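This report covers charge pairs, ring pairs and domain contacts. Please keep the coordinates open while reading.

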Amino acid sequence: MEEDAWKEKVFDSLSVPALILRPDRKIVSVNRNFEKKFGKRREEVAGRACHDFFYQSEVPCGVDFCPLSKVIEGRVGHTILRRVIGQKGKEAWEDRVFSPILDEDGSVRYIIESIRDVTKLKTLEKELEGVRAFMEKLVQSSTSGIIAANRRGRIVVINRAAEELTGYTMQQAQSGGINVKELYPPGQGRELMKLLRDDAYGGKGKLPCTRATLINAQGEEIPVELTAAIIYEGEREVGTMGIFNDLREKLAQEERMSRMLSRISQAEKMASLGQLAAGVAHEINNPLTGILLFSNLILEKLALEDPRRDEVKYIIDDANRCGEIVKNLLAYSRQTSQNKEIIHLNELLENSLSLIRDQRLFMNMKIVKDLSDKMMLVLADKNQMGQVVINLVMNAVDAMDRRGSLTFRTYRDKATRKAYLEIADTGSGIPKENLSRIFDPFFTTKAVGKGTGLGLSTVYGIVRDNGGNIWVKETSPEGTTFIVELPLYQVSDDEKAP
Ligand SMILES: Nc1ncnc2c1ncn2[C@@H]1O[C@H](COP(=O)(O)OP(=O)(O)O)[C@@H](O)[C@H]1O
Ligand SMILES: [Mg+2]
């Protein structure tokens with residue numbers, strides 16, 4: 001085969017349109033694919049300047065647009081990507097590759113320019129970018145925290161919800177600052193990774209919904225629910241990802257619920273114990289009246305110097321003590337008559353404190369009063385509530401061994417129409433196992449003769465009788481706080497000033 005014919009064959013068999021240019025930009029020849037693409041025959045194109053052919057321009061294109069002069073000067077190939085408006089006005093993309101053909105002396109003799117249509121690739125790229133942006137939005141707008149890390153545990157994605165949850169930012173992550181290990185308490189991260197790899201637990205590479213603790217940037221522990229997965233590329237692990245949900249609100253809700261339930265069951269227990277107490281009190285009251293009556297009669301009949309007088313007095317004293325207990329039991333079981341009045345909670349408290357006969361009790365204690373100056377009217381029996389405060393104070397004093405601080409706090413919640421009285425001590429606290437029993441009649445941890453175990457049960461009965469509620473707000477070895485809740489008195493319409 002003759003050399004020129006051979007060259008032409010190679011040129012024609014290029015799968016993309018191509019043309020050969022001279023350094024003066026004149027077209028020497030074009031290949032078959034070029035002819036097809038531009039609908040012009042070789043002879044029609046040869047001899048024309050490229051700028052004339054492509055852009056109908058008499059002057060060469062600028063260097064920013066056409067790299068031809070760079071190819072000629074530098075004697076190296078160049079590629080540019082060019083957006084063109086193709087047939088039917090459609091947008092198209094071309095890759096134009098310029099390759100110099102050098103002379104024996106090293107100067108550029110010809111330039112082959114090939115034109116590759118990359119519109120499909122470009123469209124795909126654009127679509128991919130669209131999908132990528134959409135995925136990004138998807139991840140960002142998720143209300144669950146999403147975090148992904150590479151194989152070494154470096155966080156590479158952290159969405160907005162996760163930023164909020166952890167206090168770390170995407171910027172910190174991008175600067176390579178955070179390792180997933182830092183998100184968990186020591187050891188927990190490794191434990192989770194083990195579960196993640198475990199076949200038996202949600203399948204290999206997957207972690208079904210699991211409770212865990214996150215440590216945020218401030219070092220606080222946050223309870224979360226998380227699902228996680230290993231990200232694979234084929235068989236290869238390339239990273240991990242986790243989806244987190246903050247459990248704080250849910251746990252608080254659960255806690256509130258269980259507290260409410262325990263209060264309800266407490267109320268039920270109290271009600272049945274109350275019936276029992278009332279029955280016992282009535283049964284004892286009658287014989288007690290008899291004992292007191294007849295022992296007083298005996299005392300009257302005994303001569304003043306009679307040595308048996310002392311013994312009868314013991315009977316009377318003890319019978320009186322029984323009488324006190326019965327009275328408490330009746331108060332607890334709400335069998336006593338009431339005398340309610342409208343009174344400010346602060347006044348109710350002051351009145352109660354003044355009832356404490358032995359004020360020396362407070363001598364070694366710090367008394368703090370944190371009383372709200374808001375309007376807090378309640379409808380309550382002053383004497384009964386006095387009993388409540390005295391009992392709570394006595395218990396606090398006992399728990400503190402007479403020294404420490406005792407805080408009284410009053411406040412109201414207008415929304416729920418409740419007034420609150422808190423009595424906080426710095427005493428020894430109530431052990432968890434006793435908490436459900438402290439309001440039971442006769443439950444006491446005090447020595448025989450020191451405690452009757454009727455104090456709190458009486459308090460409970462009275463508070464309920466006044467339409468209120470009482471519970472332990474908190475207790476720990478640092479102290480105990482009791483809360484008494486009473487309904488705020490509501491002025492009915494016709495009582496309101498005109
Ligand atoms: N403020 C308090 N701090 C610690 N423990 C308390 C407090 N109040 C009550 N308790 C516990 O509850 C029990 C029951 O109290 P209560 O019914 O008043 O009976 P008592 O005072 O006669 O023992 C007490 O024995 C004590 O163990
Ligand atoms: Mg007591």
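Glu-8, Asp-12, Arg-32, Glu-35 and Arg-42 are joined in a network of salt bridges. The model is predicted. Arg-42 and Glu-35 are both buried. Side chains of opposite charge can pair when their charged atoms come close.

The structure has 29 salt bridges. The table gives three of them, including the pair just described.

| Salt bridge | N to O distance | Accessibility |
|---|---|---|
| Arg-83 and Glu-91 | 2.6 Å | Arg-83 at 49%, Glu-91 at 34% |
| Arg-248 and Asp-246 | 2.7 Å | Arg-248 at 40%, Asp-246 at 35% |

Take Arg-83 and Glu-91 in turn. Arg-83 is partly exposed, because its relative accessibility is 49% and buried requires under 20% while exposed requires over 50%. Glu-91 has a relative accessible area of 34%, so this residue is partly exposed as well. The side chains of Arg-83 and Glu-91 meet with N and O 2.6 Å apart.

Arg-248 and Asp-246 form a salt bridge in which the closest N and O atoms are 2.7 Å apart. Arg-248 is partly exposed at 40%. Asp-246 is partly exposed at 35%.

**Aromatic pairs**

How many aromatic pairs does the structure hold? There are 11. In one of them, the ring centres of Phe-54 and Tyr-55 lie 6.1 Å apart with the planes at 50 degrees, so the pair is tilted. Phe-54 counts as buried, because its relative accessibility is 15%. Tyr-55 is partly exposed, with a relative accessible area of 33%.

A second tilted pair joins Phe-439 and Tyr-460: the ring centres are 5.6 Å apart and the planes stand at 55 degrees. Phe-439 sits in the loop between β15 (418-425) and α14 (455-465), while Tyr-460 is in helix α14, so the pair ties together parts that are 21 residues apart in sequence. Phe-439 and Tyr-460 are both buried.

Ring pairs also build a cluster. Its members are Phe-34, Phe-38, Phe-53, Phe-54, Tyr-55 and Phe-65. Two of these rings carry a charged side chain over the face. Lys-37 lies over the face of Phe-38, at 5.6 Å from the ring centre. Arg-82 lies over the face of Phe-65, at 3.6 Å from the ring centre.

**Two strand residues**

Asp-95 is in strand β4, which spans residues 91-102. Is Asp-95 buried or exposed? Asp-95 counts as buried, because its relative accessibility is 15%. Beyond its neighbours within four places in sequence, Asp-95 contacts Thr-79, Ile-80, Leu-81, Ser-114, Ile-115, Arg-116 and Val-118.

Tyr-232 is in strand β9, residues 221-233. With a relative accessible area of 34%, Tyr-232 is partly exposed. Which residues does Tyr-232 contact, leaving aside its neighbours within four places in sequence? They are Lys-204, Gly-205, Glu-237 and Val-238. Tyr-232 and Gly-205 are 27 residues apart along the chain, and their C-alpha atoms are separated by 8.7 Å.

**Domains**

The chain is divided into domain 1 (3-116), domain 2 (142-246), domain 3 (249-336) and domain 4 (338-498). Taken over C-alpha atoms, the centres of domain 3 and domain 4 are 21 Å apart. Domain 3 gives 13 residues to the contact and domain 4 gives 17 residues. Between them, domain 3 and domain 4 bury about 1,500 Å². Carbon and sulfur atoms account for 59% of that area. How many salt bridges are counted between domain 3 and domain 4? The count is zero.

How values were computed:
Residues are numbered from 1 along each chain as its sequence is written. Chains are lettered from A and ligands numbered from 1 in the order in which they are written. This is a predicted model: local features need pLDDT of at least 70, side-chain atom pairs count only at pLDDT 80 or more; totals for chains, interfaces and linings use all residues. Side-chain values use heavy atoms; hydrogens and water are left out. Rings of Phe, Tyr and Trp (its six-membered ring) pair if their centres lie within 6.5 Å; planes under 30 degrees apart count as stacked, over 60 as edge-to-face and the rest as tilted. Buried means under 20% relative accessible area, exposed over 50%, partly exposed in between (1.4 Å probe, protein chains only). Helices (H or I, at least four residues) and strands (E, at least two) are DSSP runs, numbered from the N terminus. A charge sits over a ring if NZ of Lys or CZ of Arg is within 6 Å of the ring centre and within 35 degrees of the ring normal. Domain bounds come from an automatic or database domain assignment. Contact means heavy atoms within 4.5 Å. Buried area is the accessible area (1.4 Å probe) that two parts lose on being put together, summed over both. A salt bridge is a side-chain nitrogen of Lys or Arg within 4 Å of a carboxyl oxygen of Asp or Glu.
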